[in-house]
Amino acid sequence: MAAHWDMNPKYPNYFAAFEKVLREEGFRSLYRGIRPTLIGIMPYAGLSFMAYETLKAQASQDAELPMYLRLSCGALAGIFAQSTTY
């Protein structure tokens, strides 16, 4: 619905789509895809946390890490987790 390429869109707005799905398919239909989403998020979150903590430990021995190093560790951890799980 973000881009209406059709001259006659199926729903005029998000509320109308929400209302029609709720009325025709029921409340449970709103959560139909949550199980696969959560199953995909769990390994991503675990790998991201593990990679971040490993990189952070390698970057600093005892001192507090500067902001740019923490951001770099987070970015690399996110890239690693995203590449591995998706």
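**View 1. The crossing of helices α2 and α3 is right-handed.** In this predicted model, where local features need pLDDT of at least 70, side-chain atom pairs count only at pLDDT 80 or more, and totals for chains, interfaces and linings use all residues, helix α2 covers residues 34–59 and helix α3 covers residues 67–85. Residues are numbered from 1 along each chain as its sequence is written, and side-chain values use heavy atoms, with hydrogens and water left out. A crossing is called right-handed if the near helix is turned clockwise from the far one by less than a right angle, and left-handed if anticlockwise; helices are DSSP runs of H or I with at least four residues, numbered from the N terminus. The two helices pack at an angle of about 145°, with their axes 8 Å apart, the axes being lines fitted to C-alpha atoms over the stretch in contact and the angles running from 0 to 180 degrees between N-to-C directions.

**View 2. Residues in the contact of α2 with α3.** On the α2 side the contact (heavy atoms within 4.5 Å) includes P43, Y44, L47, S48 and M50, while α3 contributes, among them, R70, C73, G74, A77 and F80. The residues of this contact divide into 13 nonpolar, six polar and two charged, where Ala, Val, Leu, Ile, Met, Phe, Trp, Tyr, Cys and Pro count as nonpolar, Asp, Glu, Lys and Arg as charged, and the others, Gly among them, as polar.

**View 3. S48 and T54 in helix α2.** S48 counts as buried because its relative accessibility is 18%, whereas T54, at 42%, is partly exposed; buried means under 20% relative accessible area, exposed over 50%, and partly exposed in between, with a 1.4 Å probe and protein chains only. Leaving aside residues up to four places away in sequence, S48 touches A77, G78 and A81. The C-alpha atoms of T54 and A77 are separated by 9.1 Å, the two residues being 23 residues apart along the chain.

**View 4. S72 in helix α3.** A polar atom of the S72 side chain lies 2.8 Å from the backbone oxygen of Y68. S72 counts as partly exposed because its relative accessibility is 35%. Between the C-alpha atoms of S72 and F27, which are 45 residues apart along the chain, the separation is 42 Å.

Notes:
A polar contact is a pair of N or O atoms within 3.5 Å; within protein, one must be able to donate a hydrogen and the other to accept it, and residues adjacent in sequence count only if both atoms are side-chain atoms.
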